[in-house]
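Student: Can we go through the helix packing here? I'd like to take it pair by pair.

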Amino acid sequence: MIETKGLRKSYPSRKRSKAATVDAVRGIDLSVAAGEIFGFLGPNGAGKTTTLRMLATLIRPDGGAARIAGADLLTDPGEVRRRIGYVAQGGGTADAVSAREELVLQARMYGIGRAEARQRTEDAVKSFDLTEFADRPCSSYSGGQRRRLDIALGVIHGPSVLFLDEPTVGLDPPSRSQVWDEIRRLRTEGMTVFVTTHYLDEADALCDRIAIIDHGGTVAEGTPEELKREIAGDVVLVGLELGDGAADRSQRAADALRAEPYLHRLELQGEDGLRLYVENGAAAIPQLLRTLEGAGLAPGTVQLQRPSLDDVFLARTGRSLEQD
Ligand SMILES: Nc1ncnc2c1ncn2[C@@H]1O[C@H](COP(=O)(O)OP(=O)(O)OP(=O)(O)O)[C@@H](O)[C@H]1O
């Protein structure tokens, strides 16, 4: 549904010293399938908004190619525009008008007839849960209510692809999860959703697949599960019996486990603990328990920890996204 090849964009640098440019996007290759929620994850300034605005036909790429919903971005941007919806970071609702008025207006702007625009508005009010406040001016809405209206406006013309720029910035947790629910509902209706975010948990929980972007280029692409498994495997924490001889037991356990084929790395943790990096924790745990039992060692605790997307970002860039 979205295919890009070498998409790039530079801006003139604001530094006066040289006629330099900022390479905001340095050649992005993406492939987004129909009906998936695709996340574009990266720190501030990584190039997410620039990429999104290029795909939404709002700025022209300097180079590369893209096809969106079957239309060519560079040669036929008008057709792309008709087939997509776009919701900017801050949304675009006017304060003085109501949700109903905004929705009818937006539909009419897309050339939809008066009666059809009214019908679509009523459908959107119902499905986006706007009924309670739909006739009040937008200035009186909460952040979450405004966001839901923004998304409803973005899809009123029935696009096949929806672009959302940081849709949950500044929302409280209940409003965030309501926005996630709306996005998931759009997916069940067959829409392809392309969403930028710098929230790790959002990319992880909401998106079917993600691309991680840094300094204008993609550093990883896949499902959140694939990325986490591929980069870091799983972490298994083994706690041995405390008390006399704990250090000796840990050392014996380490010696027994070191040759196991599923083990990537092993670290002693304190006197009585082992930290194991393994390919697949769920598969490794029964095997390591057997090995330990065979060595006469009974672990007190075994804990499986999944690596986070931040581990992935860290492995690829050497930095933590959470602390960025
Ligand atoms: N109009 C512009 N003129 C000059 N530089 C720009 C312009 N727009 C973006 N940039 C620069 O391009 C780079 C990418 O910016 P972009 O807004 O795409 O990043 P982002 O990942 O969306 O970040 P954020 O989440 O903060 O919006 C940044 O270094 C930014 O300063």
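Student: Which residues in helix 9 meet helix 10?
Tutor: Ala 253, Ala 256 and Leu 257 do, against Leu 288, Thr 291 and Leu 292 of helix 10. Contact means that C-beta atoms, placed from the backbone, lie within 7 Å. This is a predicted model: local features need pLDDT of at least 70, side-chain atom pairs count only at pLDDT 80 or more, and totals for chains, interfaces and linings use all residues. Residues are numbered from 1 along each chain as its sequence is written.

Student: What classes are in that contact of helix 9 with helix 10?
Tutor: Five nonpolar, one polar and no charged residues. Nonpolar is Ala, Val, Leu, Ile, Met, Phe, Trp, Tyr, Cys and Pro; charged is Asp, Glu, Lys and Arg; the others, Gly among them, are polar.

Student: At what angle do helix 9 and helix 10 pack?
Tutor: About 120°, with the axes 10 Å apart; helix 9 is residues 246-257 and helix 10 is residues 281-294. That makes the pair oblique. Under 35 degrees is roughly parallel, over 145 roughly antiparallel, 65 to 115 roughly perpendicular, and the rest oblique. Axes are lines fitted to C-alpha atoms, for helices over the stretch in contact, and angles run from 0 to 180 degrees between N-to-C directions. Helices are DSSP runs (H or I, at least four residues), numbered from the N terminus.

Student: New pair. How do helix 5 and helix 6 cross?
Tutor: At roughly 15°, with axes that come within 9 Å.

Student: Zooming out, how is the protein divided?
Tutor: Into domain 1 (2-228) and domain 2 (234-306), with bounds from an automatic or database domain assignment. Their centres, taken over C-alpha atoms, are 45 Å apart.

Student: What is the mean pLDDT?
Tutor: It is 89, and 96% of residues reach 70 or more. pLDDT is the predictor's confidence in each residue, from 0 to 100.

Terms used. Helices (H or I, at least four residues) and strands (E, at least two) are DSSP runs, numbered from the N terminus. Two residues are in contact if their C-beta atoms, placed from the backbone, lie within 7 Å.
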